[in-house]
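I opened the model and kept notes on what I looked up. The entries follow in the order I made them.

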Amino acid sequence: MEQKIIHHLMMCSFSLSNLGLFHGKTGVALFFYHYSKFTNNTVYSEYARDLVDDIWNNLHDRLPENFKSGLAGIAWGVEYMILNGFVTGNSNEICSEIDARIMQSDLRRITPKFIEQELEGFLHYVLIRTAGSVRQNNCLPFDEMYHKDLFKVFSSLLSHEKTNETCRYFINQYLSTIRAGKELGIVNKLKYQFG
């Protein structure tokens with residue numbers, strides 16, 4: 001049964017139109033990187049690498065910015081792959097266009113619908129990109145103004161009635177990462193990617 005699923009994924013994944021994390025090529029690539037490690041078979045990691053190349057060759061301006069099937073999930077996947085040693089590279093360079101596009105949204109105008117449907121995924125994206133940069137002594141993703149907006153908005157969302165416990169946990173993780181980075185002098189030393 002396992003081999004049937006693997007063969008099906010290998011036969012169908014390049015024809016997926018969704019590039020995203022939950023229902024698309026990014027999620028399949030992550031699966032194959034993990035499966036390669038599990039089976040100790042590089043065929044699967046090579047296949048995952050080809051899928052990642054295909055994702056980057058097919059990124060376009062009409063992709064949504066969300067986590068499940070859009071840019072935030074793809075950037076999260078890239079950072080995850082780097083942090084787990086599946087690929088090498090500077091995630092700030094790789095994800096700079098995605099980060100820049102996501103920074104265009106005004107965080108101060110978050111709607112209740114966004115809080116209920118998109119906030120958790122957005123928090124995953126922001127946290128992994130920020131924590132990954134701090135761990136790698138990389139420039140922080142996003143610019144200083146965006147981080148200040150994140151800090152203010154996230155602080156206010158802690159007490160918002162529609163913010164669930166998982167989101168509160170991730171908000172606290174982000175705030176702790178920034179505070180720890182400031183205390184260690186890392187945040188000021190690293191500066192900001194777009195600053």
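**Notebook entries**

I began with a side-chain pair: His147 and Tyr174 are joined by a polar contact of 2.7 Å. I count a polar contact as a pair of N or O atoms within 3.5 Å; within protein, one must be able to donate a hydrogen and the other to accept it, and residues adjacent in sequence count only if both atoms are side-chain atoms. The model is predicted, so local features need pLDDT of at least 70 and side-chain atom pairs pLDDT 80 or more, while totals for chains, interfaces and linings use all residues. Residues are numbered from 1 along each chain as its sequence is written, and side-chain values use heavy atoms, with hydrogens and water left out.

I then placed His147 and found it in helix H8, residues 144-157. Helices are DSSP runs of H or I with at least four residues, strands are runs of E with at least two, and both are numbered from the N terminus. Is His147 buried or exposed? His147 has a relative accessible area of 5%, so I noted it as buried (under 20%; exposed is over 50%, partly exposed in between, with a 1.4 Å probe and protein chains only).

**Ser15**

I looked next at the loop between helix H1 (2-12) and helix H2 (25-39), where Ser15 is found. Ser15 is exposed, at 61% relative accessibility. A polar atom of the Ser15 side chain lies 2.7 Å from the backbone oxygen of Cys12. I also checked Ser15 against Asp143: the C-alpha atoms are 36 Å apart in space, and the residues are 128 apart in sequence.

**Helix H7**

I took the ends of H7, residues 119-135, and got 24 Å from first C-alpha to last for its 17 residues. That is close to the expected 24 Å, the expected span being 1.5 Å times one less than the number of residues. How many residues of H7 are buried? I counted 14 of the 17, so H7 is largely enclosed by the rest of the structure. Asn137 follows H7 and has a positive phi, near 50°.

**Whole protein**

Buried residues are 45% of the 195 in the protein. The C-alpha trace spans about 50 × 35 × 30 Å along its principal axes.
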